[in-house]
Amino acid sequence: SDRLVAIGGGVVGDLGGFCAATYQRGIPYVQVPTTLVAQVDSAYGGKTGVDLPEGKNYVGAFHLPSAVVTDVDTLSTLPEGELRAGMAEVVKTALLAGGSLWQQVSELEPGEITSRADLVFACARYKCAVVAADERDHGLRAVLNFGHTVGHAIESVTGYSRYRHGEAVALGLLAALRLSGADDLRDQVEQWIRRHGLPIELDPALDPDEVLRAVQFDKKRTSRGVGFVLLKKPGEPRTDCIVDGARVRDAVEELNA
């Protein structure tokens, strides 16, 4: 009858949720996210897990929190780098949602998110709606992987230490938009990412071949291959898109230019 309370960012939430899922075959837990990444994305949906050297989130369980308590005032306590990293999940969600959310997020100034509880809530509400429609990730929920296929590969090959999650996702979004053939939108998002202090290029010391190999270990890979989430325009994502390997290479190498 006890409850575990996970107070912190995405790592704390994932680890706390995983412990709650496995202890005595599962006890209730409450998420209290204090970072932007967690408040707009990772605290919701019940995906808990830990990383292995072989891949991101390779050990985990589905275990929905019994409650999520978000106080956006905690955002003002974050190091600047952590706040910037969280903006990648904000723009990812806005691109998926389209409409008013995309319009508002596309016009956000750096640091403004700390005073926009309405946008934090809108991102959380979008995530919760997707999860409610596909809790166990059998279809629609795959849209939330937008930008994460290449992003997770970058995290994996750099030992989860060179890039924050949001920084890797920002790069992954640029790759995904290139693969989508949405060149004008990619240019717009690249400018947005640059303005918000997120990386638009890979560390030159990082071998693109290593990233490409890590992409093949994506946990959503099937017998057909690695399915990407692609997006021609905001609000219209497509899932499970098999992309020619040469195009994937070009999109990753472009980040290394």
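This is a predicted model: local features need pLDDT of at least 70, side-chain atom pairs count only at pLDDT 80 or more; totals for chains, interfaces and linings use all residues.
A cavity here is a set of grid points where a 1.4 Å probe fits but cannot get out, and a residue lines it if an atom of that residue is within 4 Å of a point.

I start with the second largest cavity, at about 40 Å³. Its lining consists of N145, F146, G147, H148, T149, V150, G172, A176, F228 and V229. Helix α6 contributes the most, three residues, and α6, α7 and β6 each supply at least two. By class, five of the lining residues are nonpolar, five are polar and none is charged.

F228 leads us to the next element. Strand β6, residues 227-231, pairs with β7, residues 237-242, in the antiparallel sense over four bridges. Opposite F228 stands C241 in β7. The two strands form a hairpin with five residues between them, and G235 in the turn has a positive phi of about 90°.

The structure has two cavities of 30 Å³ or more.

Last, the largest pocket, with a volume of about 1000 Å³. It is lined by 41 residues, and D14, S42, K56, N57 and H165 lie nearest its centre. Strand β4 gives the most to this lining, seven residues. The classes are 13 nonpolar, 13 polar and 15 charged.

Methods:
Residues are numbered from 1 along each chain as its sequence is written. Side-chain values use heavy atoms; hydrogens and water are left out. Two strands pair if DSSP finds at least two bridges between them. On a 1 Å grid over the protein atoms alone, a cavity is a set of points where a 1.4 Å probe fits but cannot get out, and a pocket is an open set with protein on both sides within 12 Å along at least five of seven lines; lining residues have an atom within 4 Å of a point. Grid points are joined across faces, edges and corners, and a volume is the space filled by probe spheres set on the points. Ala, Val, Leu, Ile, Met, Phe, Trp, Tyr, Cys and Pro count as nonpolar, Asp, Glu, Lys and Arg as charged, and the others, Gly among them, as polar.
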